[in-house]
Amino acid sequence: MTASGAPQHSPELRAAARHLTHGRRRFLTVAGAAAALAFATNLPGAGEAHAASAGDFDARRITENPFTLGVASGDPLPGSVLLWTRLAPRPYETDSGLPRKRVRVEWEIAHDERFGRVVRRGGVTAHPEFHHSVHVEVDGLGTDRVLYYRFRAGRWISPTGRTRTAPAPGARNSALRLGVVSCQAYHDGYYTAYRHLAQEDVDAVFHLGDYLYEYAVNATGGERKYTDRRLPAHFNRETVTLEDYRLRYALYKSDPDLRAAHAAHPFVVTWDDHETENNYAGGTPENDVPPEEFLLRRAAAYRAYWENQPLRAPQRPTGPDMRLYRRLRFGRLAQFDILDTRQYRSDQAYGDGWQVPGPESEDPGRTMTGAAQERWLIDGWRQGPRPVWNVVPQQVTFAERRDKDAPGFKLSMDSWDGYPASRARILAGAESAGVKNLLVLTGDVHVSYGLDIKRDFRDPASRTVGTEIVTTSVTSGKDGADRPANWAALTGANPHMKHYNGRRGYALVTLGTQQARADFRTVSAVSTPGAPISTAASFVTEAGNPGLKPV
């Protein structure tokens, strides 16, 4: 921060941001602005293009373990996986303990965890411009395979990760098991849920946002109340600059339980708001700051997100823009349309929060997804072979939630309740496309819900057209309670709400040809480490007959 309190973005970036805020929607049309805001001067390309770093650094000169942040894999495709790591011998330092030079990293992937039957191996350059992160897209691996992988830098060998490829497009697969997580504020407690999730038998983990929080973390780790360490002072401030976000990812990823979950399963990630700033909406920040300041912050946040997640090349950001919505298919059983409900949305109505709905929130021109993403979603339902399950992993609660069963009820303006016309268009698109088994996966709210999606929420007798599974938080909200203070009010006001629990944990979702099952897994506490895991409730919804039924 400067003496005035303004974040220390470079003068070039500030000048470009001021220029492009006039007439934005796609700032890329402004000559020169894209390169500056993308931090893109002489950046390496998709291949091994030369970068601005001053030559290479011999990995044999690395004297401390560079794999402190672990390994990860993501976005399984038929015959292909994405492998990730980041070199960080000293993760809590700005340069992570490495010079600003390129470092060669070797990788290998095998059928067995002893690497006796290696399938593929190769090398990749870790560029300092990307904070020495690497994203390796490995093809030709065969479909529906469990595989093991690792990296090497000099004499150092990473932990072994386990991953898998997706089934072939026409495969008649009959089962798929998912872990579903969200909201992991480091300062709110321990990642005990991840330790348990690492031991679960799942095919993939879907992270639905708030992987990182911008809020300050004090020297004792907030609710973790460390007595055996003190965190550096630079964590005790809100993240604003690229350096801030990079360091905060290092803090989060240094947690051993999070590293274990990433090593155990491939992740499919999408963000919500806190990876950038609380409740931002498109280009509108939460607080009253100049537009160019927020675009710079968003560019920094998006860049750090990509550097620290197992994402493929199409998701690499360009300045404050990053196409995160994408589609994955697992044979004929399931299609996943992963949404971004943060980057393209209209600003929250009535100043955000819980408000009485009215003309502003019900304006038919309002959008949660933006027009392009909405068309992409509905067109994707109409095209190609019809899966058994159309799954929509996304961020904020989709079904209606009234705060009371009385006139003058309020709805959350940050959720789909604040964008009812947008929700109606999505449901109409699903109906016109012939989607029979719509399953929405949601995070954000730090509680778990099981919700029937109604064609008309104003009519309890209206047809049920889908199912929503809302996973609770990993830590956010601290320990929580089985029945939060508003449990009776919410369950009474929303008859389509079949489950509500306020403990921390995750959801397991098992897809089959005849039904989908949701198990809501909870831990008793996150304020102390080592809590056991239990199942708070289980539900099924039948293929062709949507509606949650307790098991």
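Residues are numbered from 1 along each chain as its sequence is written, and side-chain values use heavy atoms, with hydrogens and water left out. In this predicted model, local features need pLDDT of at least 70 and side-chain atom pairs count only at pLDDT 80 or more, whereas totals for chains, interfaces and linings use all residues.

**View A. Packing of helix H3 (residues 192-199) with helix H5 (residues 256-264).** The axes of H3 and H5 come within 8 Å and cross at roughly 25 degrees; axes are lines fitted to C-alpha atoms, for helices over the stretch in contact, and angles run from 0 to 180 degrees between N-to-C directions. H3 is therefore roughly parallel to H5, a term for angles under 35 degrees. Helices (H or I, at least four residues) and strands (E, at least two) are DSSP runs, numbered from the N terminus. The crossing of H3 and H5 is left-handed, that is, the near helix is turned anticlockwise from the far one by less than a right angle (clockwise for right-handed). From H3, Thr192, Tyr194, Arg195 and Ala198 meet Asp257, Leu258, Ala260, Ala261 and Ala264 of H5, where contact means heavy atoms within 4.5 Å. The residues of this contact comprise six nonpolar, one polar and two charged; Ala, Val, Leu, Ile, Met, Phe, Trp, Tyr, Cys and Pro count as nonpolar, Asp, Glu, Lys and Arg as charged, and the others, Gly among them, as polar.

**View B. Packing of helix H4 (residues 242-253) with helix H6 (residues 291-307).** The axes of H4 and H6 lie 8 Å apart at an angle of about 30 degrees, and their crossing is right-handed. Leu242, Tyr245, Arg246 and Tyr249 of H4 meet residues of H6 including Arg297, Ala300 and Glu307. Seven nonpolar, no polar and four charged residues make up the contact of H4 with H6.

**View C. Packing of helix H7 (residues 371-382) with H8.** The axes of H7 and H8 come within 9 Å and cross at roughly 20 degrees, so H7 is roughly parallel to H8. H7 passes H8 in a right-handed crossing. Among the contact residues are Leu377 and Trp381 of H7 and Ile426 and Ala430 of H8.

**View D. The largest pocket.** Its volume is about 710 Å³, the space filled by probe spheres set on grid points joined across faces, edges and corners. A pocket is an open set of points on a 1 Å grid over the protein atoms alone where a 1.4 Å probe fits, with protein on both sides within 12 Å along at least five of seven lines; lining residues have an atom within 4 Å of a point. Of the 29 lining residues, Leu427, Lys454, Arg455, Asp456 and Phe457 lie nearest the centre of the pocket. H8 gives the largest share of the lining, seven residues.

Note on methods. Parallel < 35°, antiparallel > 145°, perpendicular 65-115°, else oblique.
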